[in-house]
Amino acid sequence: MNEKEIVAEEAVKLVEDGMVLGIGSGTTIAVFLEKLGERIKKEGLEVYGVPSSYQSHFLALKAGIRIVDLFEYSELDLCIDGADQIDKNLNCIKGGGGALTREKIVSQASKRFIVIAEERKFVDKLSMPVPIEVIPFAYGHVVRKLQEMGGICKLREGSGKLGPVISDNGNFIIDCNFDEIENPKELELSLNAIAGIVENGIFCNVDEVILGSKDGIKILKR
Ligand SMILES: O=C[C@H](O)[C@H](O)[C@H](O)COP(=O)(O)O
């Protein structure tokens, strides 16, 4: 098994019959959903889920998860998601796949939020560019504000489409480099105080991280 499979398998064990899940996005979550689908089929489990992207929506349907929404379930039992970088205080940077806004919503709506990732993503201090979802109308204003904060901005482009990547919510994604982030919580809040920013990819609400390496798993708890 590779590292994604190791952590996905561990996370699948946490799912119980009747649970309502917050479902993250990304390649690690794709493996998790595949393995959860096998369990659902084998054990006849009823699992409900709120997906955080069109990617995980399709995969969750395929896995046999009943798709529900936050209108019906305002509180979810458990959220499982991947991450791009994780520090020793379990703060994360997420949004490499552009799904950060809905991911943060389902994570905050959940009683327990668990991140699964390869151990190579574990760092002393968060330092990668922070994905920031921005309403297109506000783009120029937001870039100026981020530059005033010392950030170096790059509009996300490509991935088979000409021009900017458009998020599942119809917005732009800016990857903003702040180098090493001394105080993730403070930066998370300051970014969200800028009008036009919908959400940013700093997550300080993780309860548990399951890290996988070729030597096995490590579980870190807040
Ligand atoms: O927007 C994407 C998400 O935040 C992902 O959870 C994150 O980018 C990690 O993705 P992967 O499991 O593909 O490394």
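Seventeen residues, written 17 in the counts here, surround the ligand, and the closest are Gly26, Thr28, Gly82, Gly96 and Gly97. Two helices, α2 and α4 (100–108), are the elements that give two or more residues to this shell. Keep in mind as you look around that this is a predicted model.

**Around the ligand**
- Sorted by class, the shell around the ligand holds three nonpolar, ten polar and four charged residues.
- Thr28, listed among the closest residues to the ligand, is also touched by isoleucine 116.
- Gly82 is another of those closest residues, and isoleucine 116 touches Gly82 too.

**The whole chain**
- You can count six helices and 16 strands in the chain.
- The chain has a radius of gyration of 17 Å, which agrees with the value near 17 Å that a compact globule of 222 residues would have.
- Along the principal axes, the C-alpha atoms fill a box of roughly 55 × 35 × 35 Å.
- Of the 222 residues, 45% count as buried.
- Among contacts with a separation of 6 or more, 74% join residues 24 or more positions apart.

- Where the domains meet, 13 residues of domain 1 are in contact with 15 residues of domain 2.
- Helix α4 supplies the largest share of the side of domain 1 that touches domain 2, with four residues.
- That side of domain 1 has five nonpolar, six polar and two charged residues.

**The nonpolar core**
- The largest nonpolar core has 56 residues, and those with the most contacts inside it include Phe32, Ile80 and Ile116.
- Helix α2 (residues 27–43) gives the most to this core, with six residues.
- Both domain 1 and domain 2 give residues to the core, so it lies between them.
- As a general pattern, nonpolar side chains tend to be buried together in soluble globular proteins.
- Isoleucine 116 touches Val7, Ala8, Ala11, Thr28, Phe32, Ile80, Gly82 and Ile210, leaving aside residues up to four places away in sequence.

- Helix α4 is mostly covered, as seven of its nine residues are buried.
- The buried residues in α4 are Leu100, Thr101, Arg102, Glu103, Lys104, Val106 and Ser107.
- Alanine 99 lies in the loop between β6 (92–93) and α4.
- Alanine 99 counts as buried because it has 30 C-beta neighbours inside 10 Å.
- Not counting residues up to four places away in sequence, alanine 99 touches Ser25, Ser52, Ser53 and Asp168.
- Alanine 99 and serine 56 are 43 residues apart in sequence, and their C-alpha atoms are 9.9 Å apart in space.

**Two loop residues with positive phi**
- Leucine 90 is found in the loop between β5 (85–86) and β6, and its phi is near 70°, a positive value in a residue other than glycine.
- With 20 C-beta neighbours inside 10 Å, leucine 90 counts as buried.
- Aspartate 179 sits in the loop between β12 (172–177) and α6 (184–192), and its phi is near 60°, again positive in a residue other than glycine.
- Aspartate 179 is partly exposed, because 13 other C-beta atoms lie within 10 Å.

Notes: Residues numbered from 1 in each chain as written. Predicted model: local features only at pLDDT ≥ 70, side-chain atom pairs only at ≥ 80, totals over all residues. Core = buried A, V, L, I, M, F, W, Y, C linked by C-beta atoms within 7 Å. Buried ≥ 20, exposed ≤ 12 C-beta atoms within 10 Å, placed from the backbone. Domains from an automatic or database assignment. Contact = placed C-beta atoms within 7 Å. Near = placed C-beta within 6 Å. Nonpolar A, V, L, I, M, F, W, Y, C, P; charged D, E, K, R; others polar. Rg over C-alpha atoms; globule rule 2.2 N^0.38 Å.
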